[in-house]
Amino acid sequence: MQLDDRKWAILKAIIKTYLETGEPVGSRTISKYADLNLSSATIRNEMSDLEEMGLILQPHTSAGRIPSDAGYRLYVDRMMEDKDREVTEMKEMMIQRQDKLELLLKQLAKVLATNTNYAAMISGPQYHHTRLKFIQLSVVNERQILATIVAEGNAVRNKIIEIEHGLDQQTVLQLNILLNSALNGLTIEEINLSTISKLKEQAGIHSDLVNRVLDAVAESIQTDEEMEIYTSGATNIFKYPELSSSEKASELISAFENKKELAGLIGEAGSENEETGIQVYIGKESPLTTMQDCSVVTATYELGDGMYSRIGVIGPKRMDYEKVVGTLKTLKVQLDELFKKNQ
């Protein structure tokens with residue numbers, strides 16, 4: 001069914017108001033919507049047209065209107081189309097952005113290794129305190145609901161949730177409104193027991209489904225995925241006699257090939273200098289036994305949209321600390337400028 005923009009805006013306003021209040025909606029109420037900017041008389045004429053089209057109905061004489069089943073159907077179908085399109089666009093955008101970001105980070109590792117004459121490593125983009133952007137529940141069949149969860153940075157996760165009984169579109173719509181109203185913009189830490197309890201109470205007989213959606217949200221916006229590590233300049237360690245013996249060199253090369261160990265090394269950000277974001281490990285201070293004959297300098301960089309990356313430079317204990325720290329500080333400024341321009 002085709003509606004012009006004005007009729008569609010009024011129908012949406014009626015449905016949203018009715019979902020919130022449960023009371024028939026009059027033209028005066030709709031006229032208060034700031035984005036409509038229409039007189040009550042114009043709204044009444046449009047509402048008459050919508051009633052003739054079977055999209056709204058008047059339960060009692062002189063009462064306001066409520067959505068009909070056909071009105072709900074049109075609203076849900078369009079909402080689903082909009083969300084599907086939005087999710088698709090986000091996925092495509094993130095694929096392109098991830099490819100570009102991966103290329104940039106690999107190049108940064110090479111530049112660091114060349115400029116410092118040491119080995120360098122850099123983590124793939126990670127998220128911290130990730131915020132939820134929106135949730136979309138969709139009916140798959142009578143026994144399954146698809147929860148599409150979009151988090152900060154436009155990270156998209158899909159989760160199939162098993163249900164005991166089928167849900168109609170109006171119920172799914174109301175659950176979507178309930179979940180998004182309560183959770184949008186929150187981090188996993190901010191979704192506390194009080195929030196969960198209130199949500200489950202409002203969901204009534206669907207509280208178990210809400211609970212499983214919350215579990216899916218927690219899975220989606222936590223950062224426990226395996227960290228990607230890019231390395232460069234591992235052979236630079238052979239330039240330093242104290243590290244070039246066959247045994248030590250072999251241990252260091254093996255450590256560079258062990259991505260989990262490297263992730264543990266540059267994941268240690270708790271004691272970074274608050275002003276510079278830089279941490280220096282000298283010899284036995286290193287959390288990796290294979291690197292206790294080395295010095296390691298790490299730094300954390302913001303990449304925008306809640307993302308960050310960690311960089312490490314590895315060299316002998318007699319490394320040029322001033323040069324390495326200066327290089328990392330310069331890189332931080334350059335990255336800050338780059339990502340501010342692209343926001």
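Residues 24 or more positions apart supply 61% of the protein chain's contacts (heavy atoms within 4.5 Å) that have a separation of 6 or more. This is a predicted model, where local features need pLDDT of at least 70, side-chain atom pairs count only at pLDDT 80 or more, and totals for chains, interfaces and linings use all residues. Residues are numbered from 1 along each chain as its sequence is written, and side-chain values use heavy atoms, with hydrogens and water left out.

**The chain overall**
- You'll find 10 helices and 11 strands in the protein chain; these are DSSP runs (helices H or I, at least four residues; strands E, at least two), numbered from the N terminus.
- Of its 343 residues, 44% are buried (under 20% relative accessible area, with exposed over 50% and partly exposed in between; 1.4 Å probe, protein chains only).
- Carbon and sulfur atoms hold 47% of the accessible surface of about 18300 Å² (Shrake-Rupley method, 1.4 Å probe; for residues, only the protein chains shown count as cover).

**Helix 6**
- Helix 6 spans residues 193-203, and its buried residues are T195, L199 and A203.
- Those buried residues sit within an arc of 65° seen down the helix axis, so they line one face of helix 6 (the arc is that of the directions from the axis to the C-beta atoms).
- Over on the other side, L193, S194, K198 and E201 are exposed.
- Just after helix 6 comes G204, with a positive phi of about 60°.

**Around I282**
- I282 belongs to strand 9 (residues 278-282), and it counts as partly exposed because its relative accessibility is 40%.
- Leaving aside residues up to four places away in sequence, I282 touches C294, S295, K317 and Y321.
- V297 is 15 residues from I282 along the chain, with 8.6 Å between their C-alpha atoms.
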